Amino acid sequence: MKPNLRSGYITFYKKDNKKIKISYISILLIIIVMLMLIPILENTIFNLIDYSKIDNRIKISDIKVKIEASNVKPELYVEEEEIEENIEPIDDGKKYVALTFDDGPGKYTKELVDLLVKNNVKASFFMVGQNIKNYKSSVKYAYDNGMEICNHSQNHKNLKNLSKEDIEYEINSVDDMLEEIIGERARYYRSPGGNQNENVLNTISKPCILWNVDTRDWESRDTQKIISKTLKEVDDGDIILMHEIYKTTLDAVEPIIIKLKEKGYNFVTVTELYKIKGVPLENGKIYYGM
């Protein structure tokens, strides 16, 4: 190699004495390109190593060791059992009621949810499968705004008249849709019309939640009658039955909430009501208000 500063070239001599001239500019460009390639090469090498697999192996190993060492059921299962078995009533001197809405979702669901949120009220919605498929966004909207979503069968049939297989379909198909929409299956169901028998109770592995204040809003379709009947019959620990598919019911909800709040009532979901009252719920049994 023989540099020549004046000519701007570096001369290389091969074994056969042949000359190869390379300009300084070419060498400089080669160096710049190599410097630019270094970060790319480093990143490529880094990506070839699948660190996620290494982390996963460590995590799975840790979990396996912990489970084998403790020899107990997963923590979530234990917590759920403790909640059900060691429930204690809350004696805070307050009055509680649960608003429940059947037969939705429908065209008024989102408006109803907005009204409940506006009044800082939670409620439980017992939804029908054939409506869920047409109002999936309303189901998600209710759930995302803190409402409790429950099962009211696929086709709103009298479950007493169905076979075990048909009863299972009526409940499981709704749960399948709910799991797809909100990521969980319903904890409770309500049989259409409250119709029950031993076959229904033995087939459905959920608590059945009925009611003890029936507004009969489906019958009167009269807002003022719905309000009057509710205020006249309601008491601490009650479950109030309404139907979200009627405009007259929608118009009655806010006046009922305002009046009951003035009387010292607090509104909770079905789950919250039974926990407050210290009542554990069992599969295959019927529950009303307190």
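Which side chain meets Lys122 in a salt bridge? I looked this up and found Glu272, at 3.5 Å from N to O. I count a salt bridge when a side-chain nitrogen of Lys or Arg is within 4 Å of a carboxyl oxygen of Asp or Glu. Lys122 sits in the loop between helix H4 (109-118) and S5, and Glu272 in helix H12 (residues 270-276), so the pair ties together parts 150 residues apart in sequence. Helices (H or I, at least four residues) and strands (E, at least two) are DSSP runs, numbered from the N terminus.

**Ground rules.** I am working on a predicted model, where local features need pLDDT of at least 70, side-chain atom pairs count only at pLDDT 80 or more, and totals for chains, interfaces and linings use all residues. Residues are numbered from 1 along each chain as its sequence is written, and side-chain values use heavy atoms, with hydrogens and water left out.

**Exposure of the pair.** I use buried for under 20% relative accessible area, exposed for over 50%, and partly exposed in between (1.4 Å probe, protein chains only). Lys122 is partly exposed at 38%. Glu272 is partly exposed at 27%.

**Other salt bridges.** I searched the whole structure and got 15 salt bridges. One of them joins Lys206 and Asp175, with the closest N and O atoms 2.8 Å apart. Lys206 is in the loop between H8 and strand S7 (208-209), Asp175 is in helix H7, and 31 residues separate them. Both Lys206 and Asp175 are buried.

Next I checked Asp236 and Lys277, whose closest N and O atoms are 2.8 Å apart. Asp236 lies in the loop between helix H10 (223-233) and strand S9 (239-243), and Lys277 in the loop between H12 and strand S11 (286-287), 41 residues apart. Asp236 is partly exposed at 25%, and Lys277 is partly exposed at 24%. I also noted that shared partners join Asp176, Glu179 and Arg185 into one network of salt bridges.

**Helix H7.** I tested its length. The 19 residues (164-182) should span 27 Å at 1.5 Å a residue, and the end C-alpha atoms are 27 Å apart, which agrees. The expected span is 1.5 Å times one less than the number of residues. Its buried residues include Ile167, Glu170, Asp175 and Met177. What do the buried residues of H7 pack against? I listed strand S5 (124-127), helix H5 (129-132), helix H6 (136-144), strand S6 (148-151) and helix H8 (198-203). Gly183 follows H7, with a positive phi near 85°.

**Whole chain.** Buried residues make up 38% of the 290 residues.

Notes
Contact = heavy atoms within 4.5 Å.
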